[in-house]
Amino acid sequence: MHHFNYDLTERLKIQNPLQLLESFGLKPGMKILDLGCNDGFYALAALKIVGPRGFYYGIDVDQVAVDNLRFKLEQRDYKNYSLDILPAEDFLLKDQKFDFILLVTALHDFAKPKKVLKNLRLMSNSNTLLIDYDFRADIISNFGPPQNIRFSLDLASNIIKQAGFKHINAAIYDQNYYLIKAKV
Ligand SMILES: C[S@@+](CC[C@H](N)C(=O)[O-])C[C@H]1O[C@@H](n2cnc3c(N)ncnc32)[C@H](O)[C@@H]1O
């Protein structure tokens, strides 16, 4: 498990979850899966955008982080969410499709990223939008995940493609991040 080596205040200077999720295409009424959700840096923004008719599903292996997120959501009286503590590799709801799947600085952390993406393919329909937003491997930065575990844009795109996502839009996002948008 890898954690960011920069604090929340620093992170908020370079990542605004509400703006980012809107720009990625999250919309009211959507059912979003946040894989590797940790303590919910994106959860509150996601629930704000999807609104009462949408749904937020968060998965992480880190029990403390998920318990913290649960506490935050309970305090705000949200009802339209589920949180599970389990490896993403074991998360497969065979009869459910998500509208929006979010992977933020998570794919390279999974033990079996290919298996996770195959599960995600099975929980996607033709409208599902998969987002992989992560630190670039081609630049050296003194924050974010260690350089040696980052995925290059090509590697991440290929794993996503091999899992059965066909429409892949992969690009450098800014000086720190890449962004991949994919559909089946
Ligand atoms: C670098 S953090 C990013 C968290 C969150 N997406 C964010 O942007 O704040 C990566 C997260 O992936 C989780 N993780 C690592 N391996 C996992 C796995 N196999 N299944 C689910 N979550 C996992 C970690 O516990 C951690 O919370």
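Guide: Let us begin with the classes: Ala, Val, Leu, Ile, Met, Phe, Trp, Tyr, Cys and Pro count as nonpolar, Asp, Glu, Lys and Arg as charged, and the others, Gly among them, as polar. In this predicted model, the shell around the ligand then divides into 13 nonpolar, four polar and four charged residues.

Visitor: Which residues come nearest to the ligand?

Guide: Gly36, Asn38, Phe41, Ala88 and Val104 come nearest, out of the 21 residues around the ligand.

Visitor: What makes the protein as compact as a globular protein of its length?

Guide: The protein has six helices and seven strands, and its radius of gyration of 15 Å is close to the 16 Å that the globule rule gives for 184 residues, so the protein is as compact as a globular protein of that length. Along the principal axes, its C-alpha atoms fill a box of roughly 40 × 35 × 30 Å, and 38% of the 184 residues count as buried. Among contacts between residues at least 6 apart in sequence, 67% join residues at least 24 apart.

Visitor: Why is Thr105 called buried?

Guide: The label requires 20 or more other C-beta atoms within 10 Å; Thr105 has 21 and is therefore buried. Thr105 is found in the loop between β4 and α5, and its phi is positive, at about 45°, although Thr105 is not a glycine.

Visitor: Why is Asp77 called exposed?

Guide: Exposed means 12 or fewer other C-beta atoms within 10 Å, and because Asp77 has 6, Asp77 is exposed. Asp77 also has a positive phi, near 65°, in a residue other than glycine, and lies in the loop between α4 (63-75) and β3 (81-85).

Visitor: Why does Leu179 count as partly exposed?

Guide: The count for Leu179 is 18 C-beta neighbours inside 10 Å, and since a residue is buried at 20 or more and exposed at 12 or fewer, a value in between is called partly exposed. Leu179 has its place in strand β7 (residues 177-183), and, not counting residues up to four places away in sequence, Leu179 touches Tyr133, Ala171 and Tyr173. The C-alpha atoms of Leu179 and Asp134 are separated by 6.7 Å, although these residues are 45 apart along the chain.

Visitor: How do you know that the buried residues of α5 line one face of the helix?

Guide: The buried residues in α5 are Pro113, Val116, Leu117, Asn119 and Leu120. Seen down the axis of α5, they fall within an arc of 155°, so they line one face of the helix. These buried residues pack against β4, β5 (124-135) and α6 (153-162).

Visitor: Which residues touch the most other members of the largest nonpolar core?

Guide: Membership requires buried residues of the listed nonpolar types, joined through C-beta atoms within 7 Å; of the 46 residues in the largest such core, Ile32, Ala46, Ile101, Leu102 and Ile160 touch the most other members. Strand β4 (residues 98-104) contributes the largest share of this core, six residues.

Visitor: What is Ile101 in contact with, leaving aside its neighbours within four places in sequence?

Guide: With those neighbours left aside, Ile101 is in contact with Leu33, Leu35, Leu120, Ser124, Thr128, Leu130 and Ile131. One of these, Leu120, is also among the buried residues of α5.

Technical notes: Residues numbered from 1 in each chain as written. Predicted model: local features only at pLDDT ≥ 70, side-chain atom pairs only at ≥ 80, totals over all residues. Near = placed C-beta within 6 Å. Helix = DSSP H or I, 4+ residues; strand = E, 2+ residues; numbered from the N terminus. Contact = placed C-beta atoms within 7 Å. Arc of directions from axis to C-beta. Rg over C-alpha atoms; globule rule 2.2 N^0.38 Å.
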